[in-house]
Amino acid sequence: MLPLTDTVPGGFGLYVHWPFCASKCPYCDFNSHVREGVDQARWRAAMLREMDHFAARVPVGRRLSSVFFGGGTPSLMPPETVAAILERANHHWGITDGVEVTLEANPTSSEAARFAGFRAAGVNRLSMGIQALNDADLKVLGRKHSAGEAMAVIAMAKGIFDRFSFDLIYARPGQTVAAWQDELSQALDMAVGHLSLYQLTIEEGTQFHTLHQRGDLVVPDEDLAGDLYEATQVLLNQAGMPAYEVSNHARPGQESRHNLVYWRYGDYVGIGPGAHGRLTLKGEKTATRTHRAPEIWLQRVEEAGTGAHADERVTPEQRGREALMMGLRLAEGVSLARLTAEAGGVSPVDMAAVDRLSRHGLLTLDGDRLTATADGRQRLNGVLAALLG
């Protein structure tokens with residue numbers, strides 16, 4: 001019989017990557033692809049087979065904390081595929097009523113028509129890619145839905161899912177602090193327990209990067225981006241949805257449990273094209289990743305049972321650094337004892353740097369708990385560089 005909870009620190013999750021989208025957004029550097037048609041039965045069989053491959057490697061007794069269907073646009077999957085994956089995951093690791101099962105969705109009417117089917121299949125949390133609440137900015141961002149359609153779909157989701165979240169992007173071209181404050185107020189009127197608020201970044205290989213390089217796309221400068229971030233913190237704190245992570249806000253108890261597995265440096269299986277995983281095998285942390293190209297991944301799964309590349313051992317030094325980098329994203333911080341244990345008995349933290357950064361109001365150390373302040377999380381890259389040398 002499986003235990004009621006997983007016993008490895010940080011928890012245990014399953015990530016399922018669906019690589020297909022109806023269109024490619026110009027800012028997106030995720031592993032997403034547009035196809036005229038998808039053989040759903042073939043893809044469903046491949047997802048199940050790769051899950052079986054990893055389940056055979058995971059030590060007996062692991063218990064799922066969460067399942068996350070990401071992409072791409074997993075709401076383009078048929079609910080039958082979601083149901084089959086969850087049934088197989090339950091067979092391997094157990095899915096109790098307390099396990100969070102999240103599916104990412106776009107707010108279009110065609111995808112919303114499947115919401116009830118996803119709920120019946122076992123999804124209990126929806127994460128929607130809204131990105132903006134006005135049509136002009138949605139057009140700039142390459143989104144296919146309108147603001148009105150997004151609001152209607154949010155209302156529909158409230159009637160089906162007890163827990164749901166939606167994303168917005170800020171620091172958009174031409175955005176002002178006042179306009180963002182108005183948009184956030186509107187979002188808070190519709191939100192229930194969770195909001196993800198991401199600063200627009202220009203990633204290499206995207207259409208936005210090309211436009212930015214030649215001067216056809218201008219985004220807010222660093223000072224304005226900082227003002228937008230600070231305005232976000234003020235409004236969300238006042239609304240009772242403080243940041244529990246750099247870009248994620250929630251009412252107490254509404255945090256994304258799956259993302260907490262990542263940030264608390266837990267283990268997770270990743271299946272589907274381009275999915276990454278972290279597994280503790282025989283006392284060592286192992287990094288897994290699958291082939292990014294959908295058709296090559298599919299062929300490899302059908303031939304060999306998995307599209308995974310060779311495992312990569314995560315050294316104790318890397319484990320300590322990764323656990324620190326993840327843990328300081330969280331408002332709860334990270335245990336120094338946990339960092340030392342991950343790093344093989346040698347602390348990865350420069351304590352002189354901790355003292356210096358604490359004096360500058362960027363870190364706090366309360367007993368064993370190291371935490372980045374709100375200012376520290378805003379400047380996390382610099383904080384980590386100072387801590388890790």
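Analyst: Start with burial. A residue is buried under 20% relative accessible area, exposed over 50%, and partly exposed in between. Note that this is a predicted model.

User: Why is Asp-311 called partly exposed?

Analyst: Asp-311 has 36% relative accessibility.

User: What makes Asp-311 and Arg-57 a salt bridge?

Analyst: The cut-off is a side-chain nitrogen of Lys or Arg within 4 Å of a carboxyl oxygen of Asp or Glu. The closest N and O atoms of Asp-311 and Arg-57 are 2.4 Å apart. The pair therefore meets the limit of 4 Å. It links distant parts of the chain, 254 residues apart. Asp-311 sits in the loop between α11 (294–304) and β12 (312–314). Arg-57 sits in the loop between α1 (40–55) and β2. Arg-57 is also partly exposed, at 29% relative accessibility.

User: How many salt bridges does the structure hold?

Analyst: The structure holds 20 salt bridges. As background, side chains of opposite charge can pair when their charged atoms come close.

User: How do you know that Arg-62 and Asp-267 form a salt bridge, and where do they lie?

Analyst: Their N to O distance is 2.9 Å. The limit is 4 Å, so the pair qualifies. Arg-62 is in the loop between α1 and β2, and Asp-267 is in strand β9 (residues 267–271). The two are 205 residues apart. Both Arg-62 and Asp-267 are buried.

User: What about Arg-125 and Glu-100, and what does their pair tie together?

Analyst: The closest N and O atoms of Arg-125 and Glu-100 are 3.9 Å apart. That is within 4 Å, so the pair counts as a salt bridge. Arg-125 lies in strand β4 and Glu-100 in strand β3, so the pair ties together parts 25 residues apart in sequence. Arg-125 and Glu-100 are buried.

User: Why is Asn-106 called buried?

Analyst: Asn-106 has 19% relative accessibility. Buried means under 20%, so Asn-106 counts as buried. Asn-106 is in the loop between β3 (100–105) and α3 (109–112). Beyond four places in sequence, its contacts are Thr-73, Ser-75, Glu-111, Gly-129 and Arg-143.

User: What makes the backbone at Gln-131 worth a note?

Analyst: Gln-131 has a positive phi of about 75° although it is not a glycine. Most residues other than glycine have a negative phi. Gln-131 is in strand β4 (residues 125–131). Its relative accessibility is 8%, which is under 20%, so Gln-131 is buried.

User: What is the phi of Ala-171, and why is this residue called buried?

Analyst: Phi at Ala-171 is positive, about 60°, although Ala-171 is not a glycine. Its relative accessible area is 3%, under the 20% limit, so Ala-171 is buried. Ala-171 is in the loop between β5 (163–170) and α7 (177–190).

User: How far apart are Leu-224 and Ala-171 in sequence and in space?

Analyst: Leu-224 and Ala-171 are 53 residues apart in sequence and 7.9 Å apart in space, C-alpha to C-alpha. Leu-224 lies in helix α9. Its relative accessible area of 26% falls between 20% and 50%, so Leu-224 is partly exposed. Leu-224 touches Gln-175 and Val-177, not counting residues up to four places away in sequence.

User: Which residues form the negative surface patch?

Analyst: Asp-221, Glu-222, Asp-223, Asp-227 and Glu-230 form it. Asp and Glu count as negative. Glu-222 is in helix α9 (residues 222–238). Its relative accessible area is 73%, over the 50% limit, so Glu-222 is exposed.

User: Which peptide bond is cis?

Analyst: The bond joining Gly-71 and Gly-72 is cis, with omega of about 25°. Most peptide bonds are trans. Gly-72 is in the loop between β2 (66–71) and α2 (79–93).

User: Why is Gly-70 called buried?

Analyst: Gly-70 has a relative accessible area of 0%, under 20%, so Gly-70 is buried. Gly-70 is in strand β2. Beyond four places in sequence, its contacts are Tyr-15, Val-16, His-17, Trp-18 and Glu-104.

Technical notes:
Residues numbered from 1 in each chain as written. Predicted model: local features only at pLDDT ≥ 70, side-chain atom pairs only at ≥ 80, totals over all residues. Heavy atoms only, no water. Patch = residues over 30% accessible without salt bridge, like charges linked within 9 Å, V, L, I, M, F, W, Y side chains within 5 Å. Areas by Shrake-Rupley, 256 points an atom, 1.4 Å probe, with all protein chains shown as cover. Charge placed at Lys NZ, Arg CZ, Asp CG, Glu CD. Helix = DSSP H or I, 4+ residues; strand = E, 2+ residues; numbered from the N terminus. Buried < 20%, exposed > 50% of the residue type's maximum accessible area, 1.4 Å probe, protein only. Contact = heavy atoms within 4.5 Å.
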